[in-house]
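This report describes selected packing and pairing features of one protein chain. Please read it alongside the structure shown below.

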Amino acid sequence: MRILIQNALVVTMNERDEVIDNGVIAIDDKRIVHVGPAESSPAERFDRTIDAGRLIAMPGMVNAHCHSPANLVRGMMPGKPLEIWRAYYRASLRGMGEEEFYASALLGGLEMLRNGATTVLGHFAGNSAHRFMGAGAAIQAMRDLGLRHVVSLTITDKNYEDTIPLGDTDSALSDEIKRMSASEAKTTQGWLDECEAFIETFHAPEKLTTACPGPSAVQRCSDELLARSAEMARKRKLPMHIHLAETQAQAVMGRQLYGRSLLKHLDDIGVLDEHLSLAHSIWIDDDDVELFAKRGATPVHNPASNLRIGSGLAPVKRFLAAGVNVGLGTDGSASNDGQNMFDALRLAALIHNQAGSDFKQWVSPAQALAMATRNGARAFGIDAGVLAPGRLADIVLLRRDTPAFTPLNDVMAQLVFCENGSGVDIVIVDGEIVVEGGRATKVDELAVLRRAAEARRRLDPSLQKELAAAQTMEPSLAEMYFRVFKKNDG
């Protein structure tokens, strides 16, 4: 389909952060073929012309880290440190099946699209009783919505009890931890074979799907699993995604296991490169920032999640000062508790402005927008995130006749600090209009909500049982948390 967008205020997000006051964007099939001022409008005929005189055009945002199964348990998880929180969240997955994974991904994907995200990285961990842990159902949901997606299959070959500085445990706790390990870990070769099969089955960019390896975290994987996953990604020219140093306990465990930082260990075994994105990247060494810049890897900032469960703040200002390509994500709805990228955008531009810090290094609106658009696209090797000829036609049009943009003083600042997603009018993904008039075009929104509500109701018996079991782990996990912080802060 050939689409012409006329008279828009165009926020290109190119390297010059160029804004065109009265601009035109031409789309031919899946690609942008022209961007420029109104007087440069192509003369040829188009299948559809959109008069965007009261609209702002920007690249679709890239949600660079989330977990789609979490949408069914939003608002349920405790506001407690990650190691405690994770016990409850992982327990919530045990009763989920293909229908729940589909309904959950559909719900979260709908929220993303309606709020201006056109691509999402789903770090998928579900239920090992299902093929690929149920990831296929989530992929189908995102295809049905018309949401571009990178799905990294979460893999781990270490027992959970060997990946946290837990100390002595009583027998009841050991039994519950072993049950958690049994639901997550496989042999190294078993995971590699499954990941290969997953990619063979689902990788199809023409269907909006990038399938790739997603080792859970450095300390949760053997060196062989990490190195061979990276080799798999490079051979197939795919990205790879992993959690890095989300909590102080993880950093402590890295020192115990490797005698150096988790990032340096990845570099030492040849895994760290420009194709690797690393969610959180909070508890890192000072010289790790330069290592990020040198290798071209992408840390993914998840501000809401990091605040919600008290993990800390990523050194975003130091990353940006060093020229590191920083991405932005919502994380899952169990630790956020939503999938609105405008929320992440605003937080990223606010929470690093501490009193007494060098205000010249505070995150600017342009930097925050770059994190949410072109930086995330670059991390995943997707030719989007910028409004320019040759790029994929992933575009968001927002109404400017709203309080957020009245008066219109600085469009980039107001996108970051004033817009909340309610102004999104049209969303185009891969050249197809998937949201129009603020409503999804490919699914019945009320049916999506009903389906998600019914899926959650079916989970109730499992949730009651499994969350009660997880609660038995909390005292020892809490003791570990306070011990780690006391030892390292004292």
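The model is predicted.

**Helix pairs**

Two packed helices are described by the angle between their axes and the distance between the axes. The table gives these values for two pairs.

| Helix pair | Angle between axes | Distance between axes |
|---|---|---|
| α5 (residues 188-202) and α6 (residues 223-236) | about 20 degrees | 10 Å |
| α1 (residues 82-92) and α16 (residues 445-471) | about 155 degrees | 8 Å |

Angles under 35 degrees count as roughly parallel, and α5 and α6 are therefore roughly parallel to each other. Their crossing, that of α5 and α6, is right-handed. On the α5 side the contact is made by Thr-188, Gln-189, Trp-191, Leu-192, Cys-195, Glu-196, Ile-199 and Glu-200. Helix α6 contributes Glu-224, Leu-225, Arg-228, Ser-229, Met-232 and Arg-236. Sorted by class, the contact of α5 with α6 holds 6 nonpolar, 3 polar and 5 charged residues.

For the other pair, the cut-off is an angle over 145 degrees, which counts as roughly antiparallel; α1 and α16 are therefore roughly antiparallel to each other. The crossing of α1 and α16 is right-handed. Ala-87, Tyr-88, Ala-91 and Ser-92 of α1 meet Leu-463, Glu-466, Leu-467, Ala-470 and Gln-471 of α16 in this contact. The residues in the contact of α1 with α16 comprise 6 nonpolar, 2 polar and 1 charged.

**The sheet**

Four strands form an open sheet in the order β10-β11-β12-β13, and the pairing is parallel. The edge positions are taken by β10 (240-244) and β13 (327-328), each of which has a single partner strand, so one side of each is left without a neighbour in the sheet. Strand β10 pairs with β11 (residues 276-280) in the parallel sense, over 5 bridges. Within this pairing, His-243 has Ala-279 in β11 as its bridge partner.

The loop between α8 (262-268) and β11 contains Leu-272. Is this residue, Leu-272, buried or exposed? The relative accessible area of Leu-272 is 5%. Buried means under 20%, so Leu-272 is buried.

Leaving aside neighbours within four places in sequence, Leu-272 is in contact with Arg-234, Leu-263, Leu-266, Asp-267, Leu-278, Leu-291, Arg-295 and Ala-297. Thr-298 is 26 residues from Leu-272 along the chain, and the C-alpha atoms of these two residues are separated by 9.8 Å.

Notes. Residues are numbered from 1 along each chain as its sequence is written. This is a predicted model: local features need pLDDT of at least 70, side-chain atom pairs count only at pLDDT 80 or more; totals for chains, interfaces and linings use all residues. Side-chain values use heavy atoms; hydrogens and water are left out. Axes are lines fitted to C-alpha atoms, for helices over the stretch in contact, and angles run from 0 to 180 degrees between N-to-C directions. Helices (H or I, at least four residues) and strands (E, at least two) are DSSP runs, numbered from the N terminus. Angles under 35 degrees count as roughly parallel, over 145 as roughly antiparallel, 65 to 115 as roughly perpendicular and the rest as oblique. A crossing is left-handed if the near helix is turned anticlockwise from the far one by less than a right angle, and right-handed if clockwise. Contact means heavy atoms within 4.5 Å. Ala, Val, Leu, Ile, Met, Phe, Trp, Tyr, Cys and Pro count as nonpolar, Asp, Glu, Lys and Arg as charged, and the others, Gly among them, as polar. Two strands pair if DSSP finds at least two bridges between them. Buried means under 20% relative accessible area, exposed over 50%, partly exposed in between (1.4 Å probe, protein chains only).
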